[in-house]
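The following exercises ask the student to read a protein structure step by step. Each task is followed by a worked solution.

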Amino acid sequence: MTTRIWFNRTFATAAHYVDKIRNNPDGKVVEIYATHPKRHSLMLQAADHADLEPDLSMEQYPQFCIDYCRQHAIDIFIPHFGLSEIAKYADEFERMGTKVMLGGNADLLRLVSDKGDVFRKLAGIEGLTIPEYHIVSTSEEFEAAFLSLKDKGLNACFKPVTGEGGAGFRVIDDMPPTLDILYRSVKPNMYIGDVMRMLSVAESFEPLMVMELLTGPEYSVDCLGSQQSLLAAVPRKKVEGRIRALEDNSELIRLAAAIYERIPLQYNFNIQFIYQDDTPKLLEINPRMSGGLYTSCLSGINFPYLAVKMLLNEEIVVPEPNLNLMATHIEKEVLLKHEL
C-alpha cells in the first residue's frame, strides 16, 4: 500500500526530509507530492508529483489545501505555510481522510507564531531566561524601547513579532554609517536615525519586537513531541560557517522539556536559544520541522519519519541519540525533472 504525502510551500532543505521518509527502515512505500509558488523550488524536484501554487490570500489558502488533498487523495499533509489558518479546518481534513501534521490546534499555533505571546506564556519557568524586550507599533514606542535598552547598557535589535527565519531582523546602530560601509559585506545593521525616519511616516505599523542583541553561541533544539510527552530533544550548535555540533547539553534539554510542559507541541518542532555569557536566552519556537533538522537526524533519530508514524498512530521507538558529533554540508547538483 502506498501512502501519499503532500508538502506545501516550504524551504529547499525540506528535500532532505523527503529522503528521510522515503528511505525508511520499515520499507513503507510513499508517494511524495509538493507544491510551491516558485516554479524552480528544489522541493518540486524532490517530489514524485509537483504543482505550482496559485496566488491566493491567506483567507483563501486553506480551501486550496482542502481541494488539493481531495483531488489527489492525500493521506498525509505536512504543511509549512499557513499553519494557523489550516489548523482551523482540521476537522474537514479529518472527515475526508487526510491526516494533517499540525503541532497543535489553531489557538496554540497562533500563540507560537507571536514571539511576544510566547515570551509571556513562558515567563516564570525555572531557569528559563527571557531576553529584555518591548513590543511596539508606533515610532514613539520604538524610540522609547531603544532608549530603555541603551540605558541598561544593552545593544538592541528588532524584528517582526510574527514571521520566520531572519526576515525583517535588523541590528540598531546609534552611530551614523560612514563611507567604508560601501566596501564591507552587507550586514543587517541600520542607523537609528534612518529607522526612526522610516517608522515616523506611519501613524502605526505591524508590531515589532525591540530586544537586546544576543551575541553568544546559537543553538537550535530539534524536538519530537507526542500528546503525552517530549520524546526527543537534540541540541544543535552553530559553530562557525556551516559547521554544526550536536551537543549533549543537559541544560538545554531540560529547558526544552520545561517549555514542552507549558506549550505541548506535537510532532517535529524547534526551540532556539542564544547564550549571553553563560546564560541561554530563549529566541523563538518554530512549530514545524526546522531548516537544519537534517543535521540533527545524524544523531540516529529519523525525526521526519517518526513523526509520520506517530500521525498514522503506529508504534514508534526513539533511539538514544548520539549527541557528540560535528557535521557540515555541501551543495550538490540536482537536475530539474519537473518543468512547470
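Helices (H or I, at least four residues) and strands (E, at least two) are DSSP runs, numbered from the N terminus. The model is predicted, so that local features need pLDDT of at least 70 and side-chain atom pairs count only at pLDDT 80 or more, while totals for chains, interfaces and linings use all residues. Residues are numbered from 1 along each chain as its sequence is written, and side-chain values use heavy atoms, with hydrogens and water left out.

**Exercise 1. The second largest pocket**

Task: Determine which helix gives the most to the lining of the second largest pocket.

Solution. Begin with the terms. On a 1 Å grid over the protein atoms alone, a cavity is a set of points where a 1.4 Å probe fits but cannot get out; a pocket is an open set with protein on both sides within 12 Å along at least five of seven lines; lining residues have an atom within 4 Å of a point. Grid points are joined across faces, edges and corners, and a volume is the space filled by probe spheres set on the points.

Step 1. The volume of the second largest pocket is about 560 Å³.

Step 2. Its lining consists of 21 residues, and Leu83, Ser84, Ser113, Thr162 and Gly163 lie nearest the centre.

Step 3. At least two lining residues come from each of helix 4 (83-87), helix 6 (106-113) and strand 15 (279-286). Helix 6 gives the most, namely four residues.

Step 4. For the classes, Ala, Val, Leu, Ile, Met, Phe, Trp, Tyr, Cys and Pro count as nonpolar, Asp, Glu, Lys and Arg as charged, and the others, Gly among them, as polar. The lining of this pocket then divides into seven nonpolar, seven polar and seven charged residues.

**Exercise 2. The cavity**

Task: State how many cavities of 30 Å³ or more the structure holds, and describe the lining of the largest cavity by class.

Solution. Step 1. There is one cavity of 30 Å³ or more. The largest cavity has a volume of about 160 Å³.

Step 1. Its lining comprises 18 residues; nearest the centre are Ile78, Pro79, His80, Arg288 and Met289. Helix 1 (14-22) and strand 14 (267-276) each contribute at least two residues to this lining.

Step 2. By class, twelve of the lining residues are nonpolar, five are polar and one is charged.

**Exercise 3. A sheet and its strand 11**

Task: Give the order of the strands in the six-stranded open sheet, and decide whether the residues of strand 11 are buried or exposed.

Solution. Step 1. Two strands pair if DSSP finds at least two bridges between them. The six strands follow the order 15-14-11-12-13-16, with antiparallel pairing. Strand 15 and strand 16 (324-327) are the edge strands, each pairing on one side only.

Step 1. Strand 11 (residues 218-225) is joined to strand 12 (residues 230-240) by seven bridges, and to strand 14 by eight bridges. Val221 has Pro235 as its bridge partner in strand 12 and Ile271 as its partner in strand 14. Cys223 stands opposite Ala233 in strand 12. A hairpin of four residues connects strand 11 to strand 12.

Step 2. Buried means under 20% relative accessible area, exposed over 50%, and partly exposed in between (1.4 Å probe, protein chains only). Eight of the eight residues of strand 11 are buried. In a regular strand the side chains alternate between the two faces of the sheet. Here Glu218, Ser220, Asp222 and Leu224 are buried on one side, and Tyr219, Val221, Cys223 and Gly225 are buried on the other.

**Exercise 4. Cysteines**

Solution. Step 1. A disulfide is a pair of cysteine sulfur atoms within 2.5 Å. A search of the whole structure finds zero disulfides.

Step 1. Cys65 is buried, its relative accessible area being 0%.

Step 2. Cys297 is likewise in no disulfide, and the nearest cysteine sulfur, in Cys223, is 13 Å away. Cys297 is buried at 6% relative accessibility.
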